[in-house]
Amino acid sequence: MKDVVLGRLSVAQVYEGDAVIPLSHALPSVTAQDLAQLKSWYWDPHLAETPNEAGMRISVHSFVVRVDGRNILIDTCCGNDKQRSLPPVSMQNWPYLENLGRTGLKPEDIDVVMCTHLHFDHVGWNTRLKNGTWVPTFPNARYLFGKRDLEFFSKQRHEAVHREAFDDSVAPILDAGLADLVDTDSLIHREIGNGIWLQDVSGHSPGNLCVVAECDGSRAIFSGDCFHHPVQIIRPDAAFFADEDPAKASVTRQRLLDQYANQDAIFFPAHFTGATAGRVERVDGSKLRFRFLDE
Ligand SMILES: [Zn+2]
């Protein structure tokens, strides 16, 4: 993704890595007709004719928002050296901090870390391994965690990978006294248009939050995992296999699209590949499409 400038606010992507997962596993209700419609505006070499043959390529990345001299990091990917019971994401070794360096920032420069939710691929770089212990990667930052997700993930025991991530990437931040618990009444930054605030997008996780930044009337929507793949713009009702509450997640997706389609609003989804950011447009009166910023 190229850097995006919205008035006094700029957004850069910090890439960690990407992966291809079977589409029929991730989004079981997507049909061949949905894929045909998607291909009229989205190209990916892994998208086959039928869902059973198609791969779903996802990117894992963070966004850095710079505004008024403050640096806000949104979502922190999987992290390095983390033991996970999900083999493809265990003990990874990504040049993530080097990629952060390409934006001109060092870990010490991050003022705020905001995790849209507390799944393992959104909290990983909160900590890094130093002399055998997990220490905060961004020592000068306040880390913002959603209250409802913190409550849920501090107790949940059914999904090992999220429990492991809580233990090595969230708990050490709480112990270091660097965490602030936030909800939709929390403003992250006050001095830009109407500010940067949080919107309730629960469903994918119990306390999932979306970050909305407004600058001179334009909005940037950091939608986290409300969308994993552009096909969900066509099929917002299609449940993603990792949605904690699939019915609620699909209502949330539909609501976000209704709210921001054909508006001066740029979406920054947590897992779209390539140009990543774009606008949602309503075409032919009812159909939706995503228009990437580089088109
Ligand atoms: Zn995710």
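Leaving aside neighbours within four places in sequence, which residues is Ile233 in contact with? A few notes from going through this one, bearing in mind that it is a predicted model.

1. To take that opening point: once neighbours within four places are set aside, Ile233 is in contact with Trp41, Phe227, Leu257, Val280, Leu288, Arg289 and Phe290. Ile233 is also among the residues with the most contacts inside the largest nonpolar core, alongside Leu27, Leu38, Phe227, Phe267, Val280 and Phe290. That core has 36 residues. Elements giving two or more residues to this core are α1 (23–26), α2 (32–38), β3 (55–67), β12 (209–215), α6, α7 (246–260), β14 and β16 (287–292). Apart from it there is another core, of 32 residues, and Phe120, Trp125, Val170 and Ala171 are among them. As general background, nonpolar side chains in soluble globular proteins tend to be buried together.

2. On to the metal. The zinc ion has Asp121 (OD), His122 (NE2), Asp225 (OD) and His271 (NE2) as its protein donors, at 2.1 to 2.2 Å. I'd call the arrangement irregular, because the angles subtended by the 4 donor atoms run from 89 to 152 degrees, and a tetrahedral call would need all of them between 85 and 135 degrees. Along the chain, the donors follow the spacing D-H-x102-D-x45-H. Asp225 sits in the loop between β13 (218–224) and α6 (231–234), while His271 sits in the loop between β14 (265–269) and β15 (278–283), so this pair ties together parts 46 residues apart in sequence. Asp225 and His271 are both buried.

3. Cysteines next: a search of the whole structure turns up 0 disulfides. Cys78 counts as buried, at 7% relative accessibility. Cys210 is in no disulfide either, with the sulfur of Cys226, the nearest one, 5.8 Å away. Cys210 has a relative accessible area of 0%, so it is buried.

4. Two backbone spots to look at. Asp68 is not a glycine, yet its phi is positive, at about 50 degrees. Asp68 is in the loop between β3 and β4 (70–74) and counts as partly exposed, at 40% relative accessibility. Asp81 is another residue other than glycine with a positive phi, near 65 degrees. Its place is the loop between β4 and α3 (96–102), and at 36% relative accessibility Asp81 counts as partly exposed.

5. Strand β5 (residues 112–115) is worth a glance. Val112 and Met114 point one way, Val113 and Cys115 the other way, and all are buried. In a regular strand, the side chains do alternate between the two faces of the sheet. β5 pairs with β4 in the parallel sense, over 3 bridges, and Ile74 stands opposite Met114 in β5.

6. Last, Arg235, in the loop between α6 and α7. Is this arginine buried or exposed? With a relative accessible area of 15%, Arg235 is buried. Leaving aside neighbours within four places in sequence, Arg235 is in contact with Ser29, Val30, Thr31 and Asp34. Arg66 is 169 residues from Arg235 in sequence and 33 Å from it in space, C-alpha to C-alpha.

Key:
Residues are numbered from 1 along each chain as its sequence is written. This is a predicted model: local features need pLDDT of at least 70, side-chain atom pairs count only at pLDDT 80 or more; totals for chains, interfaces and linings use all residues. Side-chain values use heavy atoms; hydrogens and water are left out. A disulfide is a pair of cysteine sulfur atoms within 2.5 Å. Buried means under 20% relative accessible area, exposed over 50%, partly exposed in between (1.4 Å probe, protein chains only). Donors are N, O and S atoms within 2.8 Å of the metal (3.2 Å for Na, K and Ca); water is not among the atoms, so sites may look incomplete. Four donors count as tetrahedral if all angles lie between 85 and 135 degrees; four count as square planar and six as octahedral if opposite donors are over 155 degrees apart and all others between 65 and 115; anything else is irregular. Helices (H or I, at least four residues) and strands (E, at least two) are DSSP runs, numbered from the N terminus. A nonpolar core is a set of buried Ala, Val, Leu, Ile, Met, Phe, Trp, Tyr and Cys residues joined through side-chain atoms within 4.5 Å. Contact means heavy atoms within 4.5 Å. Two strands pair if DSSP finds at least two bridges between them.
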